[in-house]
Amino acid sequence: MKPEVKRAQVNTSKKACVAVYPSIEQNQILWFWPNSAYQYKDIAAKEKPLYFPELDDPSYYTPTISTRDIPYGYEVMIENFMDPSHVPYAHYDIMPWQSEKSR
């Protein structure tokens with residue numbers, strides 16, 4: 001199955017200041033080349049990312065990935081990363097944990 005190359009419309013407003021990166025969606029993954037130079041304009045059509053046929057197979061397990069926006073600063077996030085012992089207590093029954101029987 002060949003992935004489709006999608007072309008984005010380029011905004012010509014002088015107020016626009018965002019770069020357009022070549023990108024392609026394949027296996028429900030968004031791949032992009034972080035270079036907006038002219039010579040990479042059509043790279044998504046010429047060079048394909050790694051292809052994993054298992055991800056196109058409906059019987060192959062693909063976990064649901066989600067994100068969430070939390071309205072706090074990086075200081076709280078760093079504090080949470082520095083304190084992994086809070087996870088079983090503060091996030092009880094949110095994340096899958098190994099039970100005593102599975103050890």
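## The surroundings of His 86

A polar atom of the His 86 side chain lies 2.5 Å from the backbone oxygen of Asp 83. The model is predicted, so local features are reported only at pLDDT of at least 70 and side-chain atom pairs only at pLDDT 80 or more, whereas totals for chains, interfaces and linings use all residues. Residues are numbered from 1 along each chain as its sequence is written, and side-chain values use heavy atoms, with hydrogens and water left out.

The side chain of His 86 also makes a polar contact with the side chain of Asn 80, at 2.9 Å. A polar contact is a pair of N or O atoms within 3.5 Å; within protein, one must be able to donate a hydrogen and the other to accept it, and residues adjacent in sequence count only if both atoms are side-chain atoms. His 86 is located in the loop between helix H2 (74-82) and helix H3 (87-90). Helices (H or I, at least four residues) and strands (E, at least two) are DSSP runs, numbered from the N terminus. Apart from neighbours within four places in sequence, His 86 is in contact with Asn 80 and His 91, contact meaning heavy atoms within 4.5 Å.

His 86 counts as buried because its relative accessible area is 15%; buried means under 20%, exposed over 50%, and partly exposed in between (1.4 Å probe, protein chains only).

## The hairpin and its turn

Along the sequence, the chain follows the pattern β-β-α-α-α, with three helices and two strands. The strands S1 and S2 run antiparallel and are joined by four bridges; two strands pair if DSSP finds at least two bridges between them. S1 and S2 form a hairpin with two residues between them, and Asn 27 in the turn has a positive phi of about 55°. Within the pairing, Gln 26 stands opposite Ile 29 in S2. The covered face of S1 holds Ile 24 and Gln 26, while Ser 23 and Glu 25 form the uncovered one.

Asn 27 occupies the loop between strand S1 (23-26) and strand S2 (29-32). The side chain of Asn 27 reaches the backbone oxygen of Phe 52 at 3.2 Å. Beyond neighbours within four places in sequence, Asn 27 touches Tyr 51, Phe 52, Leu 55 and Asp 56.

Ile 29, in strand S2, is in contact with Ile 24 and Leu 55 when neighbours within four places are set aside. Ile 29 and Leu 55 are 26 residues apart in sequence and 9.9 Å apart in space, C-alpha to C-alpha.

| Residue | Relative accessible area | Class |
|---|---|---|
| Asn 27 | 12% | buried |
| Ile 29 | 32% | partly exposed |
| Tyr 72 | 40% | partly exposed |

Tyr 72 is situated in the loop between helix H1 (43-46) and H2. Tyr 72 belongs to a nonpolar surface patch of about 850 Å², whose other members include Ile 70, Met 77 and Phe 81. Patches consist of residues with over 30% relative accessible area and no salt bridge, with like charges joined within 9 Å and nonpolar side chains (Val, Leu, Ile, Met, Phe, Trp, Tyr) within 5 Å. A salt bridge is a side-chain nitrogen of Lys or Arg within 4 Å of a carboxyl oxygen of Asp or Glu.

The accessible surface of the chain comes to about 10,100 Å², of which 57% belongs to carbon and sulfur atoms. Accessible areas come from the Shrake-Rupley method with a 1.4 Å probe; for residues, only the protein chains shown count as cover. Buried residues make up 10% of the 103 residues.
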